[in-house]
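Subject: A structure for you to explore

Hi there,

Here is the structure I promised to pass on. Have a look at it first, and then read my notes alongside it.

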Amino acid sequence: MNLIWSVFLSKPDSLRLSPRRLEQLHAIANALDLSVTEAVTHLIRREIAAGTIPAAIPGFNVHRVADGILIQIDDGPSKTYSVESARALASTLRGTVAGEAGVFSVQHGYSFIRLGRGFKLTAPMPGPEVSMTGDLAIDLAEQIEKAAE
């Protein structure tokens, strides 16, 4: 099923949909036993899998370089993590989203903690912080893991 709707961004964290499209989105969420936010994530991941859009997360630069994995968030400083440190970060992202305690890793140079219903990543540490949802953290972990292969 191909679902297309007009989305008008009014704020970075909100969407304005026509009431009819919103009802359709709720129907998709209900049919998949998901929240509306999870349904949007489901649709995005489906389009990534289909090759419609790349898996890259806007604002996150993650790629392999000669001496490790370069990670940069937005226009902040970049840091090249060793493959071991990058894998540790990916594991921390997954673990914290799954309910494990957050991590402040001086050794690897990052922190990832639960903050309310979301999460906060600092990479490199010290450095700028970015808030994110759990599903976005899992997608970032996948990007880091692929770069570390």
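Which residues of β9 lie on its covered face, and which on its uncovered one? Val 130 and Met 132 are on the covered face, while Glu 129 and Ser 131 are on the uncovered one. In a regular strand the side chains alternate between the two faces of the sheet.

Before going further, please keep in mind that this is a predicted model, in which local features need pLDDT of at least 70, side-chain atom pairs count only at pLDDT 80 or more, and totals for chains, interfaces and linings use all residues. Residues are numbered from 1 along each chain as its sequence is written, and side-chain values use heavy atoms, with hydrogens and water left out.

(Axes are lines fitted to C-alpha atoms, for helices over the stretch in contact, and angles run from 0 to 180 degrees between N-to-C directions.) β7 and β8 are joined by 5 bridges, and Arg 114 stands opposite Phe 119 in β8. Between β8 and β9 there are 4 bridges, with Lys 120 opposite Ser 131 in β9. These two strands form a hairpin with 6 residues between them.

Next, the inside. The largest nonpolar core has 25 residues, and those with the most contacts inside it are Phe 60, Leu 93, Leu 121, Met 132, Leu 140 and Ile 144. (A nonpolar core is a set of buried Ala, Val, Leu, Ile, Met, Phe, Trp, Tyr and Cys residues joined through side-chain atoms within 4.5 Å; buried means under 20% relative accessible area, exposed over 50%, and partly exposed in between, with a 1.4 Å probe and protein chains only.) α4 provides the largest share of this core, 6 residues. Met 132 from the covered face of β9 touches Phe 60, Phe 112, Gly 118, Phe 119, Leu 121, Ala 137 and Leu 140, leaving aside residues up to four places away in sequence (contact means heavy atoms within 4.5 Å). A second, separate core of 6 residues includes Leu 25, Ile 28, Ala 39 and Leu 43.

Which residues of α1 are buried? They are Leu 25, Ile 28 and Ala 29. These residues lie on the same side of α1 because they cover an arc of only 95° around the axis (the arc is that of the directions from the helix axis to the C-beta atoms). On the other side, Pro 19, Arg 20, Glu 23, Asn 30 and Ala 31 are exposed. Just after α1, Asp 33 has a positive phi of about 55°.

In α2, the buried residues are Ala 39, Thr 41 and Leu 43. They pack against α1 (19–32) and α4. Gly 51 follows α2 and has a positive phi, near 85°.

Enjoy exploring!

Conventions: Pairing = 2+ DSSP bridges.
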